[in-house]
Amino acid sequence: MKAFVTLLFLAVLGGAVFWYVTRPGTAGAETYAGLTGDAARGETVFWAGGCASCHAAPGAEGEERLVMAGGTALASSFGTFYAPNISPDPEAGIGGWSVADLGNAMQAGVAPGGAHLYPAFPYTSYTKAEPQDIADLHAFMATLPASDAANKAHDVGFPYTIRRLLGGWKSLFLDDAWVLTNATTDRLARGRYLVEALGHCGECHTPRNRLGGLDTANWLGGAANPAGEGRIPNITPGGLDWSEADIAEYLKSGFTPEFDVAGGEMAEVVQNTAQLSDEDRASIAAYLKAVPAVESAAQ
Amino acid sequence: MKKLFLATAALATLGMTSAAIGQDQKNPAVEARQSLMHLYAFNLGTLGAMAKGEMEYDAEAAQAAAGNLAKLASVNQMAMWPEGTDNASIEGTAALPAIWEDGSDIGDKVQALEEATAALADTAGDGVEAIQAGMGAVGGACGACHKAYRASNN
């Protein structure tokens, strides 16, 4: 009987701990209170954040890349996720979201109403962003065309369908600390912000552990391609011998030092970084030269 | 029975031979189009070095390289892309079958490159800023085609 009571007590305690650890915590309304967004500045945040790469309709070109209809599939070892409609449509999109709603989604991974979002949406990077940038982005996104495209349900299996589990995942992997701790110049600090926070480069270029958390000890050291073929390259000085000018040119025009132009996922990324200033691209290049070199694993 | 064996052996030999051809003999059309890509890259190298500040701006050299690029982009490539030279059919190419499928807009993509290189040729003699600006459009045209029609290797 005593054993049963102890077990019961432990089960209740375990449940309470689970409840506590997995509760969807928000960034708090006060984080974004009183912020006024500037749409012009928000456009830079939009391109630096790479929103269009996933949230524009698959295959969209030109002006269509500003219609955030969603639909792009993201393959992962946990299932396939489909980017939702984040256009200003109040029903199909996120036109009804406040700055705080957008901030909680981008920085705490929580949707309005309190559900955890899957980390296919890179809030693990955006959590490092400045709240003012969220407000600016909110103002810019309100200027984009609305789309009434319906969201496609994610194709994930049990137990990943239990969103509550993501609370535990976040307690392990949602961390707003910088990976490069010593950004000694303004340029490096800006580059770090663009790479680690908005650009979310680490989400693909850093390997993940079995639970899907980023292995920051091998930051930007290259990773298996979740979409299947090949590897996503190591872009630390241990894997990339391009000069800073080479990197900046690549992010502007797409040309590699051999004057090839990437297709694939990076072609999408270059369409975003091409919209940034020369100064911002140079900052990204400086940062990539400053991160610790990861030796490329034998492939 | 013997007849069946012979037929099988003949087929097997034929299969091995055609596999060997696939690996050893280069397809002249594939070689031609890849050579054209190398010529693009060579001329882009001059312009890119100036754009990056690795080479001092030289209006004459810039004009020559951009002029070559525009001419190369307007070469008639019809014979370089025969059907059956996609990466599902032969070795040694990254060209995706989508190039030849219904709904392919490869012609529009080539047209976009022609226009971007012609614009660059018009302005390349005006200074390094003009090259830096024009390279973006050329790279965009290259990337748009590679994204849609070239197998990614990274």
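Q: Does A:Cys51 count as buried or exposed?
A: The model here is predicted. The relative accessibility of A:Cys51 is 9%. The cut-off for buried is under 20%. At 9%, A:Cys51 therefore counts as buried.

Q: Which residues is A:Cys51 in contact with, leaving aside its neighbours within four places in sequence?
A: A:Cys51 belongs to helix 4 of chain A, residues 51-55. Set aside the neighbours within four places in sequence, and the contacts of A:Cys51 are A:Phe46, A:Ala56, A:Met68 and A:Leu137.

Q: How many Å separate the C-alpha atoms of A:Cys51 and A:Val261?
A: Along the chain, A:Cys51 and A:Val261 are 210 residues apart.

Q: How much area do chain A and chain B bury between them?
A: The size of an interface is often given as the accessible area lost when the parts come together. Here 20 residues from chain A and 21 residues from chain B take part in the contact. Of the area buried, 56% is on carbon and sulfur atoms. The total that chain A and chain B bury is about 1,700 Å².

Q: Which residues in chain A lose the most area to chain B?
A: Chain A gives 20 residues to the contact. Three of chain A's residues together make up 31% of what that side buries. They are A:Phe255, A:Phe259 and A:Val261.

Q: How much space lies in the second largest pocket?
A: Rolling a probe the size of a water molecule over the atoms shows where empty space is left. The lining of the second largest pocket has 37 residues. By class, 22 are nonpolar, nine polar and six charged. The space in the second largest pocket is about 1,100 Å³.

Q: Which helix supplies the largest share of the lining of the second largest pocket?
A: Three helices of chain B each give at least two lining residues: helix 2 (28-51), helix 4 (106-123) and helix 5 (128-149). The largest share is seven residues, and it comes from helix 2 of chain B.

Q: Which residues does UniProt list for "binding site" in chain B?
A: The listing comes from an unreviewed UniProt entry. In the model, the lining of the second largest pocket takes in B:Cys142, B:Cys145 and B:His146.

Q: Which residues of chain A is B:His146 in contact with?
A: B:His146 sits in helix 5 of chain B. B:His146 is buried because its relative accessible area is 13%, and the cut-off is under 20%. Its contacts, neighbours within four places in sequence left aside, are A:Asp260, A:Val261, A:Ala262 and A:Gly263.

Q: Which residues is B:Cys142 in contact with, leaving aside its neighbours within four places in sequence?
A: B:Cys142 is in helix 5 of chain B. Its relative accessibility is 14%, so B:Cys142 counts as buried. With neighbours within four places in sequence left aside, B:Cys142 is in contact with A:Phe255, A:Val261 and B:Leu113.

Q: What covers the buried residues of helix 11 of chain A?
A: Helix 11 spans residues 244-253 of chain A, and seven of its 10 residues are buried. Among them are A:Asp246, A:Tyr250 and A:Leu251. The cover includes helix 12 (264-273) and helix 13 (278-290) of chain A, together with helix 2 and helix 5 of chain B.

Q: Which residue follows helix 11 of chain A?
A: Helix 11 of chain A covers residues 244-253. The residue that follows has a positive phi, near 90 degrees. That residue is A:Gly254.

Methods: Residues are numbered from 1 along each chain as its sequence is written. Chains are lettered from A and ligands numbered from 1 in the order in which they are written. This is a predicted model: local features need pLDDT of at least 70, side-chain atom pairs count only at pLDDT 80 or more; totals for chains, interfaces and linings use all residues. Side-chain values use heavy atoms; hydrogens and water are left out. On a 1 Å grid over the protein atoms alone, a cavity is a set of points where a 1.4 Å probe fits but cannot get out, and a pocket is an open set with protein on both sides within 12 Å along at least five of seven lines; lining residues have an atom within 4 Å of a point. Grid points are joined across faces, edges and corners, and a volume is the space filled by probe spheres set on the points. Helices (H or I, at least four residues) and strands (E, at least two) are DSSP runs, numbered from the N terminus. Ala, Val, Leu, Ile, Met, Phe, Trp, Tyr, Cys and Pro count as nonpolar, Asp, Glu, Lys and Arg as charged, and the others, Gly among them, as polar. UniProt positions are given in the numbering used here, feature names are shortened, and annotations may be inferred rather than shown by experiment. Buried means under 20% relative accessible area, exposed over 50%, partly exposed in between (1.4 Å probe, protein chains only). Contact means heavy atoms within 4.5 Å. Buried area is the accessible area (1.4 Å probe) that two parts lose on being put together, summed over both.
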